[in-house]
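Subject: Handing over the structure

Hello,

I am passing on the structure we talked about, and I would be glad if you kept it open beside this message while you read. My notes on what was found come after it.

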Amino acid sequence: MFSFNPVQAAFPDKPIKVIIGFSAGGPLDSHLRLLTENLQSILGQPIIVDYKSGAGGVLGAQFVAQSPPDGYTILLANTGTMVINPAIYAKSSYDTLKDFQPIARTAQQPLAFIVNKDLPVNSLKEFITYAKANPSKLNYGSSGNGGISHLVPEMLKTETSILMTHIPFKGSAPAFTDLIAGHVQFMAESLPQAANYAKQGRLKVLAITSAKRNPALPNIPTVIETGVANIEVVGFYGILGPKGMPPEVLNKLSQAFKETLESPEIQKKMVDQGADPAYLNADQFTKFLSAEMPRWAKAVKDAGAKLD
């Protein structure tokens with residue numbers, strides 16, 4: 001007998017809202033914009049982006065965790081929001097694996113160590129020397145407390161014994177603005193956007209945090225190559241929903257992201273920008289997060305980074 005599943009047949013029958021826990025114009029925003037047209041074509045509904053910035057992505061994550069698990073409110077999150085925040089905050093307001101349903105990992109990318117273009121350094125080694133000659137006089141910006149752009153400079157400080165002051169922003173976009181203006185001098189940020197600004201001559205890239213050089217900036221060494229510090233970090237982006245989503249809805253969303261990321265045009269754009277298309281389905285993404293959380297908890301402990 002033919003079985004009719006109204007959930008599977010109907011979803012989606014209205015726009016899908018994607019929450020980003022940072023301000024507009026940042027790396028997550030740029031990443032989603034790259035995928036939106038294909039997603040809308042596959043799902044047959046508009047994709048609406050809603051920014052809920054603050055607390056290193058925590059506000060956006062909390063909003064999604066408390067939303068109905070119907071697939072119409074989902075989260076585009078990064079490494080900081082999902083695996084660093086729970087480790088760095090003494091009292092985390094959510095549990096990544098208990099409060100969320102992973103849907104799809106969409107990308108992986110290293111960070112770039114970047115400085116204001118007028119800072120008198122042209123390599124990471126020169127920057128460390130300059131920082132040591134000017135203790136506590138340099139500021140580094142981040143997309144918010146607890147994120148990867150906060151933790152990785154702390155790792156650099158620990159390994160090189162330099163002193164810098166952390167200035168958290170409500171997302172990468174305002175942090176980039178202040179770096180370019182010279183109000184902060186250093187950042188560790190997502191490679192795609194850093195590479196874009198570097199190619200415009202608006203900042204300098206000193207090193208990248210992956211194991212190998214990146215095609216988007218082939219002349220920039222890795223941190224390990226510079227011999228300054230033993231830092232290898234690759235961040236991720238992924239889509240999650242509230243816990244308790246119907247399997248049919250979960251599978252339809254995950255498959256839509258899979259098809260989108262299989263587009264040769266989108267893959268080329270992502271690689272050219274410095275990111276790797278790195279789709280994982282719901283089960284694979286769940287296992288990935290389970291493995292990442294203890295790894296980052298150790299990194300947080302080693303860097304001595306804790307927030308109340």
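Predicted model: local features only at pLDDT ≥ 70, side-chain atom pairs only at ≥ 80, totals over all residues.

The protein has 13 helices and ten strands. Its radius of gyration is 19 Å, close to the 19 Å that the globule rule gives for 308 residues, so the protein is as compact as a globular protein of that length. Taken along the principal axes, the C-alpha atoms fill a box of roughly 75 × 40 × 30 Å. Of the 308 residues, 56% are buried, and the accessible surface comes to about 13,100 Å², with 52% of that surface belonging to carbon and sulfur atoms. If you consider the contacts between residues at least 6 apart in sequence, 78% of them join residues at least 24 apart.

Is α7 enclosed or open to the outside? Eleven of its 13 residues are buried, so α7 is largely enclosed by the rest of the structure. Among these buried residues are I148, H150, L151, P153, M155 and T160. E154 also belongs to α7, and it counts as buried because its relative accessible area is 14%, which lies under the 20% cut-off. Once residues up to four places away in sequence are set aside, E154 touches Y140 and A303.

S161 lies in the loop between α7 and β6 (164–168), and with a relative accessible area of 59% it is exposed. Most residues other than glycine have a negative phi. S161 is a residue other than glycine with a positive value, and A55 is a further case, with a positive phi of about 55° although it is not a glycine. A55 is placed in the loop between β2 (47–51) and α3 (58–65), where it counts as partly exposed at 39% relative accessibility.

The backbone holds another detail of this kind. Most peptide bonds are trans. The bond from F11 to P12, however, is cis, with omega near -10°, and P12 is found in the loop between α1 (6–10) and β1 (16–20).

Helix α6 (124–133) shows how a helix can have two sides. In α6, the residues L124, F127, I128 and A131 are buried. They cover an arc of only 100° around the axis, which puts them on the same side of the helix. On the other side of α6, K125, T129 and A133 are exposed.

S123 is partly exposed, with a relative accessible area of 25%, and its side chain reaches the backbone nitrogen of E126 at 3.1 Å. S123 and A275 are 152 residues apart in sequence, and their C-alpha atoms are 23 Å apart in space.

Helix α9 (residues 191–199) has L191, P192, Q193, A194, A195 and Y197 as its buried residues. What covers them includes α2 (27–43), β4, α8 (172–181), β7 (186–190), β8 (203–208) and α12 (264–273). Just after α9, G201 takes a positive phi of about 75°.

P27 brings several of these elements together, and it lies in helix α2. At 10% relative accessibility P27 counts as buried. Which residues is P27 in contact with, leaving aside its neighbours within four places in sequence? They are S172, E189, S190, Q193 and Y237. Along the chain, P27 and S172 are 145 residues apart, yet their C-alpha atoms are separated by 7.0 Å.

Terms used:
Residues numbered from 1 in each chain as written. Heavy atoms only, no water. Helix = DSSP H or I, 4+ residues; strand = E, 2+ residues; numbered from the N terminus. Buried < 20%, exposed > 50% of the residue type's maximum accessible area, 1.4 Å probe, protein only. Polar contact = N/O pair within 3.5 Å; in protein donor to acceptor, adjacent residues only side chain to side chain. Rg over C-alpha atoms; globule rule 2.2 N^0.38 Å. Contact = heavy atoms within 4.5 Å. Areas by Shrake-Rupley, 256 points an atom, 1.4 Å probe, with all protein chains shown as cover. Arc of directions from axis to C-beta.
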